[in-house]
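Hi,

Here is the structure I said I would pass on. Have a look at it first, and then read my notes below.

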Amino acid sequence: MNEIAEKYLRQEALPMIFCPGCGDGTVLGAFLRAVDELKIGDQLALVGGIGCSGWMPVYVNVDTIHTLHGRAIPVAVGLKATRPDRKVVVFTGDGDAIGIGGNHFIHAARRNVDLTVIMINNAIYGMTGGQAAPTTPSGATTQTTPYGNPEDPFDACKLAEAAGATYVARWTAGHPRQLIKAFKEAIQHPGFAFIEVMTQCPVQAGRYIKGGLDAPEFLADIRKSVVTEAQAATMPPEELAGRTRIGLLHRSERPELTQRLAALNRGEKR
Amino acid sequence: MSEDGRKVRIIQGNEASVEGAIAAGCRFFAGYPITPASEIAELMSRRLPPVGGTFLQMEDEIASINAVIGASWGGAKACTASSGPGISLMQEGVGYAAETETPCVVINVMRGGPATGQPTISSQQDIYQARYGGHGDYEIIALVPSSAQEAYDLTIKAFNLAEEFRVPVYLLSDEIVGHTRERVVMGGPIEVRERVAPPKEGYRPYAAGPDGLLPGMPAFNDGYRLLVEGQHHDERGIRAGDDVNKSAALVQRLNDKVRKNIDRITDVERVDLDDAEVAVVCFGSTARPALEAVQSAREKGVKAGALRLRVIWPFPEKVVAELAGRARTLIVPEMNIGKLVLEVRRSAGGRAEVISLPRLGGALHTPEEVEGAIMDAVKGGNAR
């Protein structure tokens, strides 16, 4: 076990539930490196939703709460409001965050409450066996869209920005170094920070959506489907079409909720 | 204000609940507007910031109960309040609080249901929802105030019980108690159970004492490295849902810690029961006409009495069984289709006749109605 794993993993909670080839391990590794570089272990409070991604914080040896499906964000709001010096990080999935938990997601962004929300997007309900998610591509076959998905997917980053998030980034499990940087920025950002991570899910999405891609093929497929702003600048429009933007997508400043609540405690009217 | 810090005000039950919560140390409230509970949120939004607390109006009641759970682990005594539809939305969260032994208080100012039902009219229809509203086997504690004074007193008690038993506690108020303005004595030497941080050395967050209770309540970011897990878990908090023995033991303890400690929780008022032949078993706002009826019957020479329940869950079955061994008839008035009477009948075990006096629609029983039932019972007894 490497040094970071030894330092941060909750040994008694192992082994992890993730399938072979899952991208969640890469993301968790990047997160722990970010935490290590920031030296904020004692300030961390982790919140997991339900789904594969919701298990990620359970393996980290800091104060962690593994909540109900879709409800990680309001639990995180309660934790943050009671002690604003906490660094509260939410691990959620696409179904958890913008399916069942969509209302909480947009309102936490609107409030600009200082949370870091890491949304693992595998484009499918993986843990329950491969059903369509609000992120599943149009036309894709899943266990609940046997004739092809008749719906269009959400763009979670656009949703976050429109709702008021003040830090929005998207990366993939194929960008571990960029993820470390983004996690550090998000944790230090004084407001609602949202990071979507597109991950390979060979067991469910790979099988049902991608027609049997294994993990390396799936990751390569994701990498081919995305484009950074720098790459986009030099890319002809026909090549750019259909690709997903990655990188830091939005950053702004706005008063943060718990700071405003603290002002109320001091008797200042808002 | 008197010398011992007591003050007397004429306030609604809803306001009394807010004052009781603040006095009990509540420093976090999350809620969503709903009739007839909105005054609680409104007053919390005024009262909490000056005492260093936090009020949040959430996007819905699901968010409210979950924010309360987060705040409780964050270190604050926490509370939410709602009514029928909102309480229905909270049920998954209440079950989560029971599973994770998160102390919190849920105030239900009951109105008529089902569905949107009667937003502005009282009922006692949600008593079983409080006990059985969420999925799975768990126990909660439910207190039922009959007056604004009790809304104050029992809200304080609700917070104390939540801390002692590490369980969600309901205050089952109703529209009548919540909106009736009457005299409330507040402050003075009240008993408040403070949160105690458990020792960190070798701490196992779900290792219970012999009474099934967890010692103290830890908070996040105090050095415990807690794992709070909604799946069945072992004493460390590590998931154990696939272990049938550990899962059985956890669920058994979650239930037993309330059931087996019932004598510490039971709270009843006995009125003229020593020689009572007919006893009215009553709770909440329905107790008000019931007690008046008992007094009136006594004045006419009838041996009537009342057992008023301030805690309905866990149900005080021993108290009711003992009463059924002495009184000939038990009458149960309630503003629902006849619900708590089932528990009374079960507890009476055939030793007393149990008469249901249900009332739907939200109009409170009149004293005459309850007295009429007492008189009928007396006549029926004579005929036997």
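Let's begin in chain A, where strand E1 (residues 44-48) runs parallel to E3(A), the two being joined by 5 bridges. In that pairing, Ala45(A) sits opposite Val88(A) of E3(A). Please keep in mind that all of this comes from a predicted model.

The sheet that holds these strands

E1(A) and E3(A) belong to an open sheet of 8 strands with mixed pairing, in the order E9(A)-E5(A)-E6(A)-E4(A)-E3(A)-E1(A)-E2(A)-E10(B). From one strand to the next, the twist averages 15°. Helix H6 (residues 156-163) of chain A packs on this sheet, where it touches E4, E5, E6 and E9 of chain A, and its direction makes about 170° with that of E5(A).

So how does the strand from chain B join on? Strand E2 (residues 64-66) of chain A and E10(B) run parallel, with 3 bridges between them. Ile65(A) is the residue that stands opposite Val228(B) in E10(B).

Where the chains touch

How many residues of chain B are in contact with chain A? There are 36, and they meet 33 residues of chain A. On chain B's side, the elements that give two or more residues are strand E2 (26-31), strand E3 (54-57), helix H3 (61-74), helix H5 (91-100) and strand E10 (227-229). H3(B) has the largest share of that side, with 10 residues. Sorted by class, chain B's side has 21 nonpolar, 9 polar and 6 charged residues.

Helices of chain A

Next, take a look at helix H7 (residues 176-188) of chain A. At 1.5 Å a residue its 13 residues should span 18 Å, and this agrees with its end C-alpha atoms, which are 18 Å apart. Which residues of H7(A) are buried? They are Leu179(A), Ile180(A), Ala182(A), Phe183(A), Ala186(A) and Ile187(A). As a reminder for reading that list, an α-helix has 3.6 residues a turn, so residues three or four places apart point the same way. The buried residues of H7(A) pack against helix H2 (24-38), strand E3 (87-93), strand E4 (115-121), strand E5 (167-172) and strand E6 (193-198) of chain A.

Another pair to find is helix H3 (residues 72-82) and helix H5 (residues 102-111) of chain A, which pack at an angle of about 35° with their axes 8 Å apart. Here Ile73(A), Pro74(A) and Val77(A) of H3(A) meet His104(A), Phe105(A) and Ala108(A) of H5(A). This contact of H3(A) with H5(A) has 5 nonpolar residues, 1 polar and no charged ones.

Is Cys22(A) buried or exposed? Cys22(A) counts as buried because 24 other C-beta atoms lie within 10 Å, and the cut-off for buried is 20 or more. You will find Cys22(A) in the loop between helix H1 (3-8) and H2 of chain A.

The two domains of chain B

Chain B is assigned domain 1 (1-265) and domain 2 (268-383). Their C-alpha centres lie 29 Å apart, and 28 residues of domain 1 are in contact with 20 residues of domain 2. On the domain 1 side, H6(B) gives the most, with 4 residues. The residues of that side divide into 17 nonpolar, 7 polar and 4 charged.

Further along chain B there is an open sheet of 5 strands, ordered E11-E13-E12-E15-E16, again with mixed pairing. Strand E11 (268-271) and strand E16 (353-358) of chain B stand at its edges with a single partner strand each, so one side of each is left without a neighbour in the sheet. The twist here averages 20° from one strand to the next. Strand E15 (residues 329-334) of chain B and E16(B) run parallel, joined by 6 bridges, and Pro333(B) stands opposite Leu357(B) in E16(B).

Two helices lie across strands of this sheet. Helix H13 (residues 340-348) of chain B lies across E12, E15 and E16 of chain B, running at about 160° to E15(B).

Cheers

Technical notes: Residues are numbered from 1 along each chain as its sequence is written. Chains are lettered from A and ligands numbered from 1 in the order in which they are written. This is a predicted model: local features need pLDDT of at least 70, side-chain atom pairs count only at pLDDT 80 or more; totals for chains, interfaces and linings use all residues. Two residues are in contact if their C-beta atoms, placed from the backbone, lie within 7 Å. Ala, Val, Leu, Ile, Met, Phe, Trp, Tyr, Cys and Pro count as nonpolar, Asp, Glu, Lys and Arg as charged, and the others, Gly among them, as polar. Two strands pair if DSSP finds at least two bridges between them. The expected span of a helix is 1.5 Å times one less than its number of residues. A residue is buried if 20 or more other C-beta atoms lie within 10 Å of its own, exposed if 12 or fewer, and partly exposed in between; C-beta atoms are placed from the backbone. Axes are lines fitted to C-alpha atoms, for helices over the stretch in contact, and angles run from 0 to 180 degrees between N-to-C directions. Domain bounds come from an automatic or database domain assignment.
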